Amino acid sequence: MEKAYDPKLTEDKIYELWEKSGFFNPDNLPKKTLNGGKPFTIIMPPTNANGNLHAGHALVMTIEDIMTRYKRMRGYKALWLPGLDHAGFETQVVYEKKLEKEGRSRFQVPKEQLYKEIWDFTQENKKNIENQVRKMGSSCDWSREKFTLDPEIVETVYATFEKLKKDGLIYRGKKIINWCPKHQTSLSDLETADAEKEDKFYYLKYGPFTIATARPETKFGDKYVVMHPKDKRYSQYKDGQKINLEWINGPITATVIKDEAIDMEFGTGVMTITPWHDAVDFEIAERHNLEKEQIIDFQGRLLPIAGEFSGMKILEARPKIIEKLSTKGLVEKVEENYKHIVKTCYKCGTLIEPQIKEQWFLKMKPLAEPAIKAIKSGKIKFIPEHYKKIALHWLNNILDWPLSRQIVWGIPIPGDESGDTFDTWFSSGQWPYASLGFPKSKDFKMFYPTDVMETGGDLIFFWVSRMVMFGLYNTKKVPFKTVYMHGLVLDAKGQKMSKSKGNVINPMDLIEKYGTDALRMNLVVGNTPGTSLPLDENKIRGYRNFANKIWNASRFVLMNLEGYDPKAKIVLNAKQKKILADLQKQVKTVTKEMDSYRFYSAAEKIYHYFWHTFCDKIIEESKKGLSPEASEKERKATQHALVEILATNLKLLHPFMPFVTEEIYQQLPIRKKKECIMIETWPSGAK
Ligand SMILES: [Zn+2]
């Protein structure tokens, strides 16, 4: 055995050994290691094929590998299915930034060429990401790897679309959508972010009324003035009454509309509406069957309806419009520093401009109902539990889902004249059954429903809830039995990592410095589900020292095995019996923690036992039993106890620190030919 442990000399070699063994593929697991052959399945959240693994991915790989390795050792047919996501809009945004840097724009590149370029870009990333997933020690079955644009996946996505259509759940509608003027696409509500903004708030004279607005540039087409039917201040005005008045570009005729959606307390209790560019106004217009006119084009410029302001960008036009209204005496007052919440594109921060656009929509309520029922009845367990409530709240208030995206990078919507693609979550939402070859494959029958979906808490709506809905809709079964939500990985100071702050930690750099096992331990110990976790280099250094400690302790044991015979009859003394009985208790406790998904606690308990009991006490005290003065009988018993304790600890540690444990196991005298610890049986103190 080498004097010191060197992860660099070990990790790639050990990973190759595992890959060659074929045991990542559950079909290859030897019968004798299986405990009845019950399947255990995790579908890896498909990594976006547009960059490198970040710290969050490292956490995903670590937790899911721990679960998989543990279940494999417990005798399950453990399948961890890896995959990559084309990640439609996300990837296109990354690629557009790349184009911008090269001085090109997506709008100048022909669609087919752009698609081809992004395809090549993702294929390059794919290889890179696969290598990084390997670096993390992930024991996933590469022979079953899937990409969301694989022909069979696209086929499943299309079949679902057709089925939804047939069931009357898909419709094409001219409805208001969130439009990003920079990215030139519609976005779902989930793809927008709220931002607080300070603007001026204008009180404008609109005939006999005063209306208040932060967006005078939308007001050109306003010809409906709306108030609450119970507002006594305006009881003399009747629904449908016409009023002639002077407006921005001359005289207009306004119509009075009474609607209960109006907040009497807000502003003056009277507002004009812009149905084309505001979701609430759109609803009012729909209810009263009012005309809708577009004021702002898709690039964010005013249309000819704005008269002299036509062609101007809205922010440029705003002060000019106010100036004109002022000279006409139509500005009553201006409130400075008006704080309000605005919707922005979650990728570029550009103000969302609501627009009416013909789109494909999916009716969500009929899909949500079975999901609500399944979650309420406990068919899906949430860890931590509060995510159940969060999911139910969202599902209970769900709105129809706009599926069309005006980007090339995605799965084309069949029969769409404008060449739109699906929202990327429409395909990833079907991932658990699509990646297993639904409906006919053997894998689908064997491994579905899957056992655990492990992912970030921020994906509860985007992804998890949609997988539940699609899973129930297509397969009549929940797609997974347990949802495990991890928190954010932060920097050492507990701050969110971001490129602009310059505090992004690259997991591959940490592996290079300290080894994968050390990084994995840092990602697990102290990490309770759902809470954020600081990535602290000092701690990782500590776990590298722990890997060395394991190595040195093992080296000590192995160097003192002269004359050791695993089959020899031995007689343990009382103290040794007590130590082994305590070890069984430790096994029992650790197993219980593993079964309850308390990996942080299991890892900590193993760490402390190894360091403070095994190294500090047991090894120290064994030195006498190994010395030349000891009797043959005494030495044999000591050797036996040490090997037993070491082997048990290596097995308990293996899911957490797979590389160092495998490397040592390969040198243990109790190892049978060609075996690896990866398929060893979990210690049996559990029973
Ligand atoms: Zn945008």
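Predicted model: local features only at pLDDT ≥ 70, side-chain atom pairs only at ≥ 80, totals over all residues.

Author: Residues are numbered from 1 along each chain as its sequence is written.

Reader: How far apart are the end C-alpha atoms of helix 1?

Author: Helices here are DSSP runs (H or I, at least four residues), numbered from the N terminus. The expected span is 1.5 Å times one less than the number of residues, so the 15 residues of helix 1 (residues 7-21) should span 21 Å, and this agrees with the distance between its end C-alpha atoms, 20 Å.

Reader: Which residues of helix 1 are exposed on the face turned away from its buried side?

Author: A residue is buried if 20 or more other C-beta atoms, placed from the backbone, lie within 10 Å of its own, and exposed if 12 or fewer do. In helix 1 the buried residues are P7, T10, E11, I14, Y15 and W18. They lie on the same side of helix 1, because they cover an arc (of the directions from the helix axis to the C-beta atoms) of only 120 degrees. The face turned away from that side carries the exposed K8, L9, E16 and K20.

Reader: Why is helix 17 described as roughly parallel to helix 19?

Author: Axes are lines fitted to C-alpha atoms, for helices over the stretch in contact, with angles running from 0 to 180 degrees between N-to-C directions. The axes of helix 17 (residues 574-595) and helix 19 (residues 632-653) come within 11 Å and cross at roughly 10 degrees. Because angles under 35 degrees count as roughly parallel, helix 17 is, relative to helix 19, roughly parallel.

Technical notes. Helix = DSSP H or I, 4+ residues; strand = E, 2+ residues; numbered from the N terminus. Parallel < 35°, antiparallel > 145°, perpendicular 65-115°, else oblique.
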